[in-house]
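Here's a quick briefing to read with the model open beside you.

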Amino acid sequence: MTTEAPGRVLLEMKGIGKSFPGVKALEGVNLTIREGQVHALLGENGAGKSTLIKILSGAYTRDEGEIFFDGAKADIRTPADAERLGISTIYQEFNLTPNMTIAENIFLGHLPVKGGRIDWGTVRSRSRELLDSLDVDLPVDTLTGRLSVAQQQMVEIAKALNRNTRILVMDEPSAVLSERDIENLFAVVRRLQAAGIGIIYISHRLKEIFELADEVTVLKDGRYVDTKQVADVGMDDLVKLMIGRDLEDVYPKRAVPPGEVVLTVSHLAQSHLAKDVSFDLRAGEIIGFAGITGSGRTETARVLFGADRATAGTMTLFGAPYSPRSPRDAINHGVALVTEDRKRQGLLLKLQVFFNTTISGLDRLSRFGVLDLKGEQGLVRTWIQNLRIKTPTPQFLVVNMSGGNQQKVVLARWLSLGIKVFIMDEPTRGIDVGSKAEIYQIMADLADQGVAILMISSELPEVLGMSDRVMVMREGRIVKELSREQASEEVVMQYAVGHEEAAAR
Ligand SMILES: Nc1ncnc2c1ncn2[C@@H]1O[C@H](COP(=O)(O)OP(=O)(O)OP(=O)(O)O)[C@@H](O)[C@H]1O
Ligand SMILES: [Mg+2]
């Protein structure tokens, strides 16, 4: 038996098609959104989710298909068309202007005028109301450039609400948030839902879909697969719809026990963020670093990779003192970092896939100062295949790839280098379940070959599933080391937020 979706139909997209040179991004895709509904959009990396919502928001024009809004045909061709209908989109890269205040951003392009002058009184009071309704406790004249990611997201939502939004689209909103901020986001989404707004929610985290969504539409390779009531399906069903097969053993079994100590870190500090960090990492070992945002995990990683200098403490690598002066120095020592923020740090977006996968390996690939293009192409092809990077040609621009595929390019870049110590900061953020399992397999294979891996992750299932040991960080220190057997979601969280008494019980 299937449940009927309640609520009046707000939006219908029918038979949507879109091509880019060399890529059929969408074909025959349908989507129906109702008032007061949270509708999840699900699919592997490159399935066409972002493309579909860009068509809805007028950022891209469709090649085929029809859109109906409130029962009437709506010809959305520009962002202004979408805005007029009350469709607001929050992209992963926010559109706030950093050197303007919250209030100015909320009213950007819509400043109210009274008697020939901008009505700042209304701008401020209305912004205050909107922020209050979202439980945001910030002065309306704060510059948005100074806000945390979670706060910026709330300002984006306030901006959307100020425009009388009837459909709010969120493309992977939780990918950039900590656990606590996600809870807050969910509370806000539920309030918007209660107010009758239709919400399109894109996320790779199936758990969130079960927690938040009423209905889910699955895309695969640009095609419409199915729409289901969330109450009628289980995790396994969704995974199967998404990847077209069952997925067993997301976390691979590891064959080889850890070996010699490769890296020793003692009493490491970096400004006030990492205060006193000591641990060692063995060949073939995967250590998971858990902790809430701001616990000092990323700062520690940056020192290990030579992006920042330590302010105290020492490190040894293969028995010799190690103090990398730059990322290049770290790479030359065989230490690599896969970053959390692929847009800003990990990828040179304008470059082609080809260059991105090899840019740090140019030293190795060029013999006598000449770039060995043939060898390079072969290596790139291998990794594109192994990681199932969806790209029409190796000459494709990374900026036009889907979010998850960009993350895989980052990995491919390092894998083509033969690195000995891998630091991975949120390595599977924004990556679909099928590809995640592949990345876990690659991590396990690397470990079996003696590569040491330090993984920073906010996804506890992945920390628990992959790590030989778990280090919990809080306020710049490792507060607890847990063996694989000792570690559970509950215990890790309790140490991460400082409720050890509860954990010890
Ligand atoms: N501007 C563009 N030019 C060329 N190809 C594009 C462009 N935008 C998207 N594509 C291609 O369209 C396909 C669908 O991409 P899209 O970004 O919609 O995927 P997605 O489902 O959002 O994936 P992810 O989960 O990784 O974010 C991909 O093959 C992508 O490379
Ligand atoms: Mg996307």
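Two residues count as in contact if their C-beta atoms, placed from the backbone, lie within 7 Å. Helices (H or I, at least four residues) and strands (E, at least two) are DSSP runs, numbered from the N terminus. A residue is buried if 20 or more other C-beta atoms lie within 10 Å of its own, exposed if 12 or fewer, and partly exposed in between.

This is a predicted model: local features need pLDDT of at least 70, side-chain atom pairs count only at pLDDT 80 or more, and totals for chains, interfaces and linings use all residues. Residues are numbered from 1 along each chain as its sequence is written, while chains are lettered from A and ligands numbered from 1 in the order in which they are written.

**The chain overall**
- You'll find 19 helices and 24 strands in the chain.
- Of its 505 residues, 45% count as buried.
- Take the contacts between residues at least 6 apart in sequence: 69% of them join residues at least 24 apart.

**Helix α8**
- In α8 (residues 235–243), the buried residues are L238, V239 and M242.
- Looking down the axis of α8, these buried residues fall within an arc of 100 degrees (taken from the directions from the helix axis to the C-beta atoms), so they line one face of the helix.
- An α-helix has 3.6 residues a turn, so residues three or four places apart point the same way.
- The cover over the buried residues of α8 includes β3 (38–42), α7 (206–212), β11 (215–220) and α16 (433–448).

**The nonpolar cores**
- A nonpolar core here is a set of buried Ala, Val, Leu, Ile, Met, Phe, Trp, Tyr and Cys residues joined through C-beta atoms within 7 Å.
- The largest one has 123 residues, and I423, I453 and V472 touch the most other members.
- Helix α16 gives this core its largest share, 7 residues.
- Domain 1 (9–243) and domain 2 (259–334 + 420–432 + 447–505) each supply at least three residues to this core; the domain bounds come from an automatic or database assignment.
- Apart from this core lies another, of 6 residues, among them W383, L387, V409 and A412.
- Beyond residues up to four places away in sequence, V472 touches A290, G291, I478, V479, K480, L482, V492, Y495 and A496.

**F289**
- F289 sits in strand β15 (residues 286–290).
- Why does F289 count as buried? Because 27 other C-beta atoms lie within 10 Å.
- Neighbours within four places aside, F289 contacts R297, L454, M455, I456, M471 and M473.
- F289 and I478 are 189 residues apart along the chain, yet their C-alpha atoms are separated by 9.0 Å.
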